[in-house]
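Subject: A structure for you to explore

Hello! Here is the structure I promised to pass on to you. Have a look around first, and then read my notes below.

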Amino acid sequence: MSEEHVIIIGNGISGITVARHIRKLSDKKITVISNESNYFFSRTALMYIYMGHMKFENTKPYEDWFWEKNNIELKLGSVQSVDALSKTVCLGNDESISYDKLIIASGSKPIKIGWPGQDLIGVQGFYHLEDLHALEKNAPDNIKCKRAVIVGGGLIGIELAEMLQSRHIPVTLLVRENSFWNTTLTDGESAMLNRHITAQGIDLRLGVSLKEIHGDNLGNVKSVTILETKEEIQCNLVALTIGVTPNVDFLADSTIAINRGVLTNRYFETSVKDIYAIGDCAEQQLPIENRNTIEATWYTGRIMGQTLANTICGNKTEYNPGHWFNSAKFMDIEYQTYGIVNVQPAENHSHFYWKHDDDTMSLTFEYNKNSGEFQGINSLGIRLRHEVIDRWLNEKRDLEYVLHHLNKANFDAEFSRKYEKEIFNLYKSKVEL
Ligand SMILES: Cc1cc2nc3c(=O)[nH]c(=O)nc-3n(C[C@H](O)[C@H](O)[C@H](O)COP(=O)(O)OP(=O)(O)OC[C@H]3O[C@@H](n4cnc5c(N)ncnc54)[C@H](O)[C@@H]3O)c2cc1C
């Protein structure tokens, strides 16, 4: 009997991880289809190509021969539709391929909300490889691009600001909220980032939104107007980075149940037998504890891929992502978050916040006011050891224990020597008040 054919739509971290793990566990025929690139590359490293720190070749974690050697077929093509009845995927060139099992790992796409002028030349998002190429064209230097306006105060917007600044292109960043990323960060953290971003020379505008993008008579962007102030800002690039949404339009005519993303249970099974979805495009039907139903991060994409490979290979395995983790960078300030840290502490929880005098480092701990149990931590400007924080969360340590042993979680011995006592004493002084 010939081996089952598994087709994977998408060669991002989720699709590639599931492919590699299925190969480790079985001889199944595996085809990975991507409309973006021949080979898997690290999306999170795209910024470094523009900044000149890396070449595209360096963003590929595997050598090109790896795939043939491991008998994983890579196919460049765009899946236009899925016919669940005949178990085929249809590609643009009228080609159809049959599958026994189909894994949808089609990722995200930037949100566009229909602004006037959003299709002008020089207006773009930043997600796919083609967006990097567009950026090279739209903003090669500060002669062609005299100012860039970035719309949206999220992780991708701030990366773009750093990228453009590396080529000395002045940047205006429009943020709808009154403080940078205050939908996720606490007030103190968000305020520290406002100061940091401004100090880096970014023209940060808070509490404003884009009204309209204007073009010249050649169809190139020339300015934007701000809704609240009516101000017109001259610019040659408008980057729309207000967020991403699951990339699932091509599934509209399939019978697969979709809400915002492809709906799945905890085994990543969709509403249709033998079709699964993972990564940014997947949406859990029921939230897992306090997590979002769509998790658009690199780290969770990898866990989902690894988990689903077990199920595909006969060992049905539930998604159990463990404690929430994410990391990012805001210009020079690294950010990590572990476990639960709400913008405002949850009921019965409290925050303990420490910030360095130099305004580049802070720690926010969330803990249970009654039991003292440590719930999670946000760090800015300080890199923590994942395995140690994870262990403390598993062991349900109390905050005092965590503060006492902070040096075990810190990569920077110098930091530990200098500040951990100060942090602990600050906590004690607050508790004793
Ligand atoms: C600039 C940037 C920086 C980021 N930084 C971080 C970070 O620091 N930390 C973090 O956790 N996350 C970060 N992310 C998010 C992270 O990259 C995503 O969560 C992750 O890449 C999602 O992986 P995925 O495999 O689910 O989807 P994707 O990486 O989006 O891959 C999906 C692939 O499927 C292809 N595809 C889609 N539809 C079709 C179709 N119909 N036919 C064929 N192919 C199709 C797409 O073109 C794409 O190649 C960042 C994202 C960006 C854009």
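Let me begin in a loop: Asn 348 sits between strand S22 and strand S23 (349–355). Helices (H or I, at least four residues) and strands (E, at least two) are DSSP runs, numbered from the N terminus. Asn 348 is not a glycine, yet its phi is positive, at about 70°. Asn 348 counts as exposed because it has 10 C-beta neighbours inside 10 Å. The scale works like this: a residue is buried if 20 or more other C-beta atoms lie within 10 Å of its own, exposed if 12 or fewer, and partly exposed in between, with C-beta atoms placed from the backbone.

Two notes on reading the model. It is a predicted one, where local features need pLDDT of at least 70 and side-chain atom pairs count only at pLDDT 80 or more, while totals for chains, interfaces and linings use all residues. Residues are numbered from 1 along each chain as its sequence is written.

**The hairpin**

Strands S21 (residues 325–330) and S22 (residues 333–339) run antiparallel and are joined by six bridges; two strands pair if DSSP finds at least two bridges between them. Phe 325 stands opposite Tyr 338 in S22. Two residues lie between the strands of this hairpin, and Met 331 there takes a positive phi near 55°, although Met 331 is not a glycine. With 16 other C-beta atoms within 10 Å, Met 331 is partly exposed.

**The domains**

The protein chain is divided into domain 1 (5–108 + 245–312), domain 2 (123–242) and domain 3 (332–432), with bounds that come from an automatic or database domain assignment. Taken over C-alpha atoms, the centres of domain 2 and domain 3 are 32 Å apart. Their contact takes 11 residues from domain 2 and 11 residues from domain 3; two residues are in contact if their C-beta atoms, placed from the backbone, lie within 7 Å.

**Around the ligand**

Which residues come nearest to the ligand? Of the 38 residues around it, they are Gly 10, Gly 12, Glu 36, Gly 107 and Gly 279; a residue is near a molecule if its C-beta atom, placed from the backbone, lies within 6 Å of it. Among the elements that give two or more residues to this shell are helix H1 (13–25), helix H5 (155–166) and S21. The ligand lies between domain 1 and domain 2, because both give residues to the shell around it.

**The cores**

In soluble globular proteins, nonpolar side chains tend to be buried together. The largest nonpolar core here has 48 residues, and those with the most contacts inside it include Ala 148, Val 238 and Ala 239. By a nonpolar core I mean a set of buried Ala, Val, Leu, Ile, Met, Phe, Trp, Tyr and Cys residues joined through C-beta atoms within 7 Å. H5 gives the most to this core, with seven residues. Apart from this core lies another, of 42 residues, among them Val 6, Leu 74, Tyr 99 and Leu 308.

**One last residue**

Is Ser 429 buried or exposed? Ser 429 counts as exposed, because it has 9 C-beta neighbours inside 10 Å. You will find Ser 429 in helix H11 (residues 413–432). From Ser 429 to Arg 167 there are 262 residues in sequence and 46 Å in space, C-alpha to C-alpha.

Enjoy exploring!
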